[in-house]
Amino acid sequence: MACSLIEGAGVGAVVSEVLKVVIEAIHTASSCKSLLEQLKSTLVRIIPRIDEIKRLGAERTDRQITDLSELDSELKKGEVIVRKCSKVECWNYYKKYRYAKKILKLDAYLVRFFQLDVNLEIWCDTKRILVDVQESNRKLDRLEERGSSGSLFRSGFGSFRAIPEIPSLTVGLSVPLKELKMELFRDDVTVLGLCAPGGCGKTTLAAMLCQDAEVKGKFKENVFFLTISSSPNLREILQRLFEQMDSGYRVPEFQNDEDAVNYLGCLLKQREQEPTLLVLDDVWSESFLRKFVFRTVRYKMLVTSRTAFPTFDSTYSLKMLTESDAITLFNHIVFPQDAKSERPNEDLVYKIVRGCKGFPLAVSVIAHSLHRKPARKWTSTEKTLSKGSSIFDAHEDLLQCLATSLGFLDDDVRECFLDLGCFPEDQRIPAAALIDIWVELYEQYDEDDAYVNLLELSTRNLVNLVESTRKDAGGIDGSFNELFVVQHDLLRDLAIHQSRGNQNIKQSKRLMMDRREDNLPKSWRDHEDQAFNARFVSINTGELFSSERCKVQFPLAQVLMLNLSAKNCTLPQFMEKMGELKVLIIANQGPHHASLCGLPALGYYLSHLKRIRLERVSVPSVNEITEPFKNLQKISLVMCEVSHALKNCNINIPSMLPNLTEIDIDYCDDMMELPQEICMISYLQKLSITNCHNLSAISESIGQMTSLEVLRLHACTGLLELPHSIRTLGKLSFLDISDCCNLERMPSGMGELSCLRKLDMRRCSRVRRLPTSVMNLKCLKDIICDEEMSIQWEHYQVHLPQLNIRVPKDDINLNWLGFDLTNKFFCS
């Protein structure tokens with residue numbers, strides 16, 4: 001059907017016919033000639049766009065079919081309008097004005113359709129092809145389900161990384177690239193090692209090799225890039241590799257690691273005739289590396305590591321920057337071309353750069369710390385760097401060098417930086433989780449203060465922030481759900497090193513256990529059944545880890561973060577003695593939703609708990625709650641199974657959660673409707689249900705939530721309408737229905753929302769008409785919408801003089817793929 005709209009007597013033919021009528025009207029009409037010329041120009045420009053749609057193929061989605069049908073209808077109406085306009089007499093000012101408005105509306109509609117909708121659809125189609133090659137079928141399914149909502153991909157603490165983007169400026173890597181390529185092309189080299197200390201640019205050089213024309217010419221599309229890190233899960237990494245290599249086919253589930261490794265060998269054997277390059281980035285273990293080594297014809301590996309393993313057939317050692325390259329990098333960062341800051345003398349610059357010993361990351365971090373800073377800061381930095389001449393002789397010396405960038409942080413910002421060392425390596429950190437931690441860990445903070453500290457760390461180039469196309473995290477009503485934090489491994493090591501200091505482990509403020517399959521770390525076992533003083537405890541477990549082995553105590557801990565990999569998990573018993581716990585974060589890193597045992601029964605013990613965040617778990621039934629969570633204020637559920645939680649509910653939820661003020665539900669695909677049990681929490685102030693694409697209905701009981709101030713329904717693409725009872729939410733000040741692309745109408749009683757201050761309804765393309773009651777929204781000040789809807793709101797500005805209408809531009813980027821395109825670091 002969609003194809004017929006483009007070919008033959010479809011849209012293409014209709015456009016041609018309208019263009020013909022417009023040209024005739026220009027010669028015959030006595031009015032609106034300038035507008036007809038404008039419409040002619042638009043029609044001429046859209047013809048190539050139709051050809052572009054035809055080249056992409058005839059298979060279209062239901063939405064696209066509907067949109068093309070609507071376009072066909074509007075064009076036919078336009079043809080009639082133009083014919084009538086050509087017959088209007090010059091003296092008939094009423095009809096001239098009337099048809100002029102209709103022609104302007106038609107022209108605006110066509111420009112909007114072909115500059116936004118079609119280009120966006122083409123972009124999405126192209127992106128589907130890219131994702132089909134590089135990502136797993138699971139992520140492709142998610143992308144197709146979410147369409148163009150602007151929030152296409154979430155991964156919690158984990159992330160999928162394809163070939164990283166190359167920084168805008170790379171120095172000192174041209175010669176290493178040529179030399180590395182020569183080694184790779186040698187017939188006697190199967191496993192090539194690229195070695196250097198962390199932060200020297202190994203990942204950047206590996207990415208440049210993957211993008212090199214000669215390499216792409218040899219290996220075609222068979223270049224696969226995987227980030228490993230120091231505590232990898234072999235089966236999960238192999239699963240990601242198979243999904244890249246075997247795109248289009250369902251990869252089998254494996255009972256154990258051996259089966260997965262054997263499958264890799266079979267897959268490579270089948271592809272012997274195709275040259276294949278596998279890049280393993282940041283490998284720490286040789287035993288792990290050997291799992292990927294097969295002496296198969298035309299199969300090569302590039303491995304970046306801090307260690308030269310015997311497995312390597314050849315090792316390329318990446319050297320530090322030369323003096324001239326280091327100065328080039330330093331000057332590029334600290335003296336941007338558009339900056340007018342005063343430059344210190346060249347001798348001081350030379351001494352500071354020399355103190356960095358040619359280490360790229362040290363040059364980058366220190367240069368950023370000096371950008372637009374006074375001379376005394378430069379002098380102080382030079383003195384610090386010049387104290388030791390062997391600054392890179394050992395790993396600890398390197399960390400001390402980087403620590404100079406922390407010396408000028410405020411104490412509270414420095415503490416926030418040290419907290420980042422508690423998160424798993426090589427994974428994106430949800431900003432929402434950080435904000436929850438900092439608000440409770442540092443009681444003087446609110447969410448705004450915590451966000452400002454995060455921005456300070458980003459400004460200092462100690463973290464990178466990756467945000468979706470909405471870019472609203474910094475707004476007054478912005479959500480942190482689409483904001484992630486990325487930190488270089490070396491800076492994470494710095495945070496861990498600085499946090500530990502020379503303290504006894506029992507006295508440390510922060511304790512982190514890297515991923516383990518069996519026992520606790522020896523330093524923990526030495527103090528079993530003793531109390532640790534840590535306020536922030538982070539535990540990362542493998543599939544075989546048993547919580548019964550955690551015979552430790554954390555009576556003062558205020559934050560507990562559990563990163564799980566097992567499908568079934570029993571929470572550790574030491575939680576029963578964590579009476580000061582305020583924030584509990586449980587994130588599952590495994591391929592399936594984790595079932596939790598013991599969480600509902602903890603209400604008696606965790607009397608101070610204020611925030612719970614669950615990621616990729618099956619939420620236990622509320623019927624299992626035996627004691628109320630008296631102080632719990634916020635619940636966040638991300639990519640969870642939630643349908644079972646409230647099924648056959650037979651308890652009084654408000655009595656079990658008497659102080660709950662915020663619920664945040666994100667990417668929970670099994671949520672079909674907003675349960676009535678949630679609506680019983682009449683004192684709830686914030687309700688956020690976002691990216692739940694199967695949510696099709698919201699109970700009329702939502703009208704009982706009379707204390708609700710914020711309601712977010714962003715990207716709930718299955719939602720068709722809002723309940724009429726929403727008009728009773730007398731305290732609602734912010735309503736977000738953006739990207740609810742199938743929402744067809746607004747409630748007729750919407751004008752009764754007497755406190756509504758802000759409404760975000762961008763990309764709600766099916767909402768054609770506003771209810772007249774909106775003229776009663778006297779407190780409404782901010783509207784965010786598309787251009788077509790802005791015209792309707794303009795009609796009501798006479799009744800709403802404070803109203804500010806904002807039409808944001810679509811900002812299409814690749815940040816949602818999981819890597820930061822503006823990253824200024826040399827990654828490794």
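**Exercise 1.** In which loop is methionine 639 found?

*Solution.* The model is predicted, so local features need pLDDT of at least 70 and side-chain atom pairs count only at pLDDT 80 or more, while totals for chains, interfaces and linings use all residues. Residues are numbered from 1 along each chain as its sequence is written, and side-chain values use heavy atoms, with hydrogens and water left out.

Step 1. Helices (H or I, at least four residues) and strands (E, at least two) are DSSP runs, numbered from the N terminus. Methionine 639 sits in the loop between β17 (634-638) and α23 (653-656).

Step 2. Although methionine 639 is not a glycine, its phi is positive, about 55 degrees. Most residues other than glycine have a negative phi.

Step 3. The relative accessible area of methionine 639 is 9%, which makes the residue buried. Buried means under 20% relative accessible area, exposed over 50%, partly exposed in between (1.4 Å probe, protein chains only).

**Exercise 2.** Describe how helix α18 (residues 411-419) and helix α20 (residues 447-459) cross.

*Solution.* Step 1. Two packed helices are described by the angle between their axes and the distance between the axes. Axes are lines fitted to C-alpha atoms, for helices over the stretch in contact, and angles run from 0 to 180 degrees between N-to-C directions.

Step 1. The two axes come within 10 Å and cross at roughly 80 degrees. Therefore α18 is roughly perpendicular to α20, a label for angles of 65 to 115 degrees.

Step 2. On α18 the contact (heavy atoms within 4.5 Å) is made by Asp412, Val413, Cys416 and Phe417, and on α20 by Asn453, Glu456 and Leu457.

**Exercise 3.** Which residues of helix α25 (residues 787-795) are buried, and what do they pack against?

*Solution.* Step 1. Met789, Ser790, Gln792 and Trp793 are buried.

Step 1. They cover an arc of only 160 degrees around the axis, so they lie on the same side of α25. The arc is that of the directions from the helix axis to the C-beta atoms.

Step 2. The buried residues of α25 pack against β24 (758-760), β25 (782-784) and β26 (804-806).

Conventions:
Parallel < 35°, antiparallel > 145°, perpendicular 65-115°, else oblique.
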